[in-house]
Amino acid sequence: MKDTPLSNCERDFLLKAIEEKKRLDGRQTYDYRKIKISFGTDYGCCFVDLGQTRVMAQVSCELVAPKENRPNEGIMFFNIELSPMASPGFEQGRQSELSVKLNRQLERCLRNSKCIDTESLCVVSGEKVWQIRVDVHTLNNDGNLMDAASIAAITALCHFRRPDVSTQGQEVTVYSPEERDPIPLSIYHMPISVSFAFFQQGTYLLVDPCEREERVMDGLLVIAMNKHREICSIQSSGGIMLLKEQVMRCSKIAGVKVSEITELISEALLNDRKARKAGGKCGFAESMPQDRITALKKDETPVEMTDVTETANGIIQKGEAAPQTVPSPVVPVPGVGQVGQGLQNSWGLEEDDEDDYEEEKNDNSGDEQVEEVTKMDVGEGGLLFIYLDSLM
Amino acid sequence: MAADMRLPTIRKTVSLSASAFDRKDLVVPGDVITSDTGFMRGHGTYVDDDKLTASVAGEVQRVDKLICVRPLKTRFNGEVGDVVVGRITEVQQKRWKVQTNSRLDSVLLLSSVNLPGGELRRRSAEDELTMREYLQEGDLISAEVQSVFLDGALSLHTRSLKYGKLGQGVLVQLSPSLIKRQKTHFHNLPCGASIILGNNGFVWLYPTPGQQEEEAGGFYTSLEPVSLLDREVISRLRNCLLALAAHKVLLYDTSVLYCYESSLQHQVKDLLKPEVMEEIVMLTQQKLLEQEG
C-alpha cells in the first residue's frame with residue numbers, strides 16, 4: 001500500500017518551521033528523542049525505542065563451515081526487516097530501496113568496522129565456525145530507522161551469549177546453557193550511527209529526523225562512530241552538496257551524541273545483568289505493561305514548570321472575566337425581555353459591511369428582530385425572548 | 001495562551017439513534033449469517049462449513065437469493081458517476097495518478113481534462129510536456145468517475161466547469177461510508193461557505209466564489225486573501241463535520257447545516273471537546289428526526 005501523500009501546506013509549514021529553528025515536537029536542532037532500551041528474556045534480544053520509532057534486534061548463532069578464503073574467521077550476517085507493522089508503505093517480502101539502503105548501511109557500520117572479533121568465533125579452523133546472525137525487525141516507523149537499528153544491533157550483540165564449546169582433537173562438544181554458562185562475544189568497540197537531515201539544499205540541518213521531517217528533507221548524512229571518536233562509516237545520500245565545514249561540524253556533534261548513547265547502552269546492559277543476577281522477572285514481559293491502554297502507569301511528559309505560578313497569575317489577571325451563565329434580562333422595547341446576547345464575530349471585524357453581514361446572518365441578535373417574536377422562542381445563540389405582558 | 005487540561009474519564013458510549021439500530025442487521029467478521037445453503041454469496045461473505053459467514057463488519061443486504069455484507073468502514077469503492085475529491089500523487093505520460101482513498105490510485109487521463117482553448121482541441125505533444133503546469137503533485141482536484149477498470153482502479157474526468165483544481169479551502173478526510181449519495185454533491189450553504197461532499201470521504205470546504213469566472217476551465221485558482229469571517233465559518237463547519245463523523249451521522253447538506261446551526265452557541269474551538277460534540281450532534285439528530293417525521 002502506498003503512503004498517503006503529504007499535502008502542500010503541510011510541507012510548506014514544516015519547511016517554514018525549520019527555517020525558524022522550530023521542530024514539530026519542540027526539540028532543539030541537535031536533540032535526540034528519548035531513547036529507551038529494554039531486553040527480552042533470551043540473551044541477544046533487545047528492543048529500542050527512539051521516540052515512537054521502535055525496533056527489535058535478535059541475535060542467534062549457528063555452527064557452520066567457514067568461507068573458503070577465510071577459514072579461521074566466524075561469519076556475521078545482518079538483516080533488517082521492514083514489516084508492514086512499522087508503516088503502511090512497507091510491503092512484506094518486497095525489497096524496497098529503503099530496505100536495501102538500511103541493510104547496506106548496517107553492514108558497513110558493523111562489519112567493516114570490525115567491532116566483533118571474528119577470529120574468536122572460530123571453533124575448528126577450516127571446518128566449523130560460529131555464524132552470528134543479527135535480525136532487526138522494525139516495529140514502528142516514526143523516522144530515523146537507521147539509528148534505532150544500529151543501537152539495537154550493537155546492544156543485542158553486547159547482550160548476546162553464545163554456547164560454550166570445547167574441542168578434543170577433531171571432536172567438538174557444544175555445551176548447553178545448563179551445563180556451562182554461555183559466554184559473551186568479544187566486542188572491541190561499539191559503533192553507533194547518527195543521522196543528520198538537511199533541508200533547503202543544505203542550509204538547515206536537524207539531528208534525528210522524525211517521520212514528517214524525513215518526508216520533506218533534501219538529503220541525509222549518516223555518520224557511524226564509536227565513543228573513541230573513530231569514524232566507522234560515513235554516507236551522504238539525497239544528492240545534496242555539503243561543505244567541508246558542515247561535515248566537520250556534523251562529525252563533532254556525532255561524537256558527542258555517540259558518547260551519550262554509549263553510556264546509555266552500558267547502563268542498560270548493567271541494569272539487565274543486575275536484574276538477571278537477582279533472579280527477578282526481566283525481559284519482554286516486564287517491559288510491555290507500560291504500553292497497555294488500561295495500565296495506570298504512563299510515560300512522563302516533560303513540561304516546563306519553572307515559572308508556572310507567575311504565568312498562571314498573569315493570565316488570570318489579564319484575561320477577561322468569564323461570561324455570565326445567567327444573564328439578566330434586558331428590556332429593549334416595552335413588552336419584550338431579551339436574555340443573553342446574540343453571537344458576535346469573535347475574530348475581529350475589519351470592515352463595516354461585515355457588521356451588516358453579521359446581523360443578517362445571525363438573525364437572533366439585534367433589536368429589529370424583537371417585533372417579529374410573538375411567542376417564547378429559544379433561538380440559536382442562547383437568546384430568549386419573553387413576551388412580558390405584565391410590563392405593558 | 002491558555003491551555004485546556006482534562007483528566008482521563010471513562011467515556012460512556014452514547015447510542016444516539018437506538019431505533020435505527022433495530023432495523024439493521026449488523027454483523028462482524030466471523031458471524032454466521034445463515035445456515036441455509038439456498039443463498040448465493042455476494043461481497044463480504046464466505047462459506048465456512050456450509051454456513052454463510054461474514055468477512056467484513058457491516059450490515060447484511062439481501063436481494064432475492066443474493067446475500068452480501070456492506071462494510072461500515074471501508075476504502076472507497078467507486079462507481080460511475082461518483083464525485084470525488086483527490087490529490088495528485090504522480091504525473092505520468094498522458095495521465096495523472098490521483099489518490100482518492102481507494103485501494104488503487106485513480107487515473108486522470110490527459111484527454112479527460114478541460115484544457116484552456118475549448119474542449120474539442122486535440123491533445124498535442126506540447127500538452128503532454130506542459131502537463132505539470134496544469135496539475136502538479138500535491139494539488140487537490142474535484143472530479144467525477146468516468147469508468148472503472150477491471151482491477152478496480154477508477155478513471156476520472158473533469159470535463160465540466162464545476163470540476164477541476166481546487167483553490168483555497170479546507171480538506172476534511174472522513175470515512176466514505178458516511179457520505180450520503182445524493183443528486184448533487186456541490187452545495188452553497190446559506191451560512192456563507194460552500195462544500196463539496198466527495199463520495200470517497202474527502203470533504204472540501206471553501207469560501208463561496210463571488211462571481212463565476214471560469215474561462216480557464218477549472219484551472220483558475222484565486223489566491224485573493226479570504227476574509228476572517230469566511231474563515232470562521234469554514235472552521236466551524238470543519239469542526240461540525242468532525243463531530244458528525246465521530247458519532248457516525250450520515251453527512252449531507254441538511255445534516256451539516258443543522259449541525260452548524262446547533263453549534264452557533266459555542267465557540268469554534270470548543271466544538272472539539274467531546275461533550276460539546278455530543279450535545280450538538282444530539283440536537284442535529286433531533287432536528288433531522290423532526291424533519292423526517
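Biologist: What share of the accessible surface of chain A belongs to carbon and sulfur atoms?
Modeller: This is a predicted model, so the areas are computed from predicted coordinates. The accessible surface of chain A comes to about 23,000 Å². Of that area, the part that belongs to carbon and sulfur atoms is 52%.

Biologist: How much of chain A is buried?
Modeller: A residue counts as buried when its relative accessible area is under 20%. Chain A has 392 residues. The buried ones make up 42%.

Biologist: Which span of chain A in the UniProt domain feature has its end C-alpha atoms 16 Å apart?
Modeller: The unreviewed UniProt entry places "domain: Exoribonuclease phosphorolytic" at residues 32-163 and 189-254 of chain A. For residues 32-163, the end C-alpha atoms lie 36 Å apart, and the span is 22% helix and 37% strand. The other span is 26% helix and 39% strand, and its end C-alpha atoms lie 16 Å apart: residues 189-254.

Biologist: How many helices and strands are there in chain A?
Modeller: The count covers chain A of the predicted model. It comes to eight helices and 18 strands.

Biologist: Is B:V63 buried or exposed?
Modeller: B:V63 lies in strand β6 of chain B, residues 58-63. With B:M40 and B:L66, B:V63 makes a nonpolar surface patch of about 280 Å². The relative accessibility of B:V63 is 54%, and the cut-off is over 50%. Therefore B:V63 counts as exposed.

Notes
Residues numbered from 1 in each chain as written. Chains lettered and ligands numbered in written order. Predicted model: local features only at pLDDT ≥ 70, side-chain atom pairs only at ≥ 80, totals over all residues. Heavy atoms only, no water. Helix = DSSP H or I, 4+ residues; strand = E, 2+ residues; numbered from the N terminus. Buried < 20%, exposed > 50% of the residue type's maximum accessible area, 1.4 Å probe, protein only. Areas by Shrake-Rupley, 256 points an atom, 1.4 Å probe, with all protein chains shown as cover. Patch = residues over 30% accessible without salt bridge, like charges linked within 9 Å, V, L, I, M, F, W, Y side chains within 5 Å. Salt bridge = Lys/Arg side-chain N within 4 Å of Asp/Glu carboxyl O. UniProt positions renumbered as here; feature names shortened; annotations may be inferred.
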